[in-house]
Amino acid sequence: MQPDALPLEPMAPAPDAATASGTTIAAVTPSNTTSPSDVAPVRDAQRIAERIARDENLADMARERYRTAGLPELEPSALVGLLNPGERLHAVHRMAMLETGWRGATGADLNLPHGGTLYITSQRLVHRGTDDGIWDFGEIDEMAVALERLLLVRMRDGSDLAIEVDQPRLLRVQMAAALAAARTAEMPRA
């Protein structure tokens, strides 16, 4: 006989909770219950939503500031000797985890994410840390924010970057503004 064809036997009824030995029944009152906001998953979800809202607010403020005042120019002391002539530093994200991967037949990169500092310059994205990486803006195809701490970047050659940072929405706005400024600077003047 097949296992899924075995006859089902009726289950014996469970003993009444009030008559089970060692059972105590207590009344539920507001003083001995927790509110929904005190439950860990709800509390964690609220904190995540608050972080995302702060990130979106910072991204909106940066977008407006870049439209009116342009990109900031920071002191590039950490990148001295690495910047090209005329290249400027616009943004820095510390404690950035970066993972590279490939789409298609080549498979994913088996290396673990690399920690370090992410720099956005006027020409490229630079990651300095346990494993350095440099990507020119011309290599970037598209970007999308995922979850609360992840910016996904698709490169023109089919590779991907997954960047885990504290404020991925702000990072996306900074990168988009730097990309737009770089493309405008490359356009021939009429």
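Mentor: Let's begin with helix H2, residues 168-186, which gives the most to the lining of the largest pocket, with 7 residues. Keep in mind that this is a predicted model.

Trainee: Okay. How much space lies in the largest pocket?

Mentor: The general idea first: rolling a probe the size of a water molecule over the atoms shows where empty space is left. Here, the largest pocket holds about 230 Å³ of space. It is lined by 16 residues, and the closest to its centre are Ser 122, Gln 123, Ala 182, Arg 183 and Glu 186.

Trainee: And how do the residues of that lining divide into nonpolar, polar and charged?

Mentor: You'll find 7 nonpolar, 5 polar and 4 charged residues in the lining of the largest pocket.

Trainee: Back to helix H2. How far apart are its end C-alpha atoms, and what should its residues span?

Mentor: Count 1.5 Å a residue, and the 19 residues of H2 should span 27 Å. The end C-alpha atoms of H2 are 27 Å apart, so the two values agree.

Trainee: Which residues of H2 are buried?

Mentor: Quite a list, including Pro 168, Leu 171, Met 175, Ala 178 and Ala 182. Take Ala 178 as your example from helix H2. Buried means under 20% relative accessible area, and Ala 178 counts as buried because its relative accessibility is 1%.

Trainee: What is Ala 178 in contact with, leaving aside its neighbours within four places in sequence?

Mentor: Ala 178 is in contact with Leu 71, His 90, Ile 120, Thr 121, Ser 122 and Phe 137. Look at Thr 121 in particular: Ala 178 and Thr 121 are 57 residues apart along the chain, yet their C-alpha atoms are separated by 7.2 Å.

Trainee: Let's move on to charges. How many salt bridges does a search of the whole structure find?

Mentor: Side chains of opposite charge can pair when their charged atoms come close. In this structure the search finds 12 salt bridges. One of them joins Arg 67 and Glu 64, with the closest N and O atoms 3.2 Å apart. These two residues are 3 residues apart in helix H1 (residues 40-69), so about one helical turn separates them.

Trainee: Are Arg 67 and Glu 64 buried, partly exposed or exposed?

Mentor: Arg 67 counts as exposed, at 61% relative accessibility, whereas Glu 64 is partly exposed, with a relative accessible area of 40%.

Trainee: Which residues are linked in a network of salt bridges?

Mentor: Asp 55, Glu 56 and Arg 169 are linked that way. Arg 169 brings us back to H2, where it is one of the buried residues.

Terms used
Residues numbered from 1 in each chain as written. Predicted model: local features only at pLDDT ≥ 70, side-chain atom pairs only at ≥ 80, totals over all residues. Heavy atoms only, no water. 1 Å grid on protein atoms, 1.4 Å probe; cavity = no way out; pocket = protein on both sides within 12 Å on 5 of 7 lines; lining within 4 Å. Points joined across faces, edges and corners; volume = space filled by probe spheres on them. Helix = DSSP H or I, 4+ residues; strand = E, 2+ residues; numbered from the N terminus. Nonpolar A, V, L, I, M, F, W, Y, C, P; charged D, E, K, R; others polar. Buried < 20%, exposed > 50% of the residue type's maximum accessible area, 1.4 Å probe, protein only. Contact = heavy atoms within 4.5 Å. Salt bridge = Lys/Arg side-chain N within 4 Å of Asp/Glu carboxyl O. Expected span 1.5 Å × (residues − 1).
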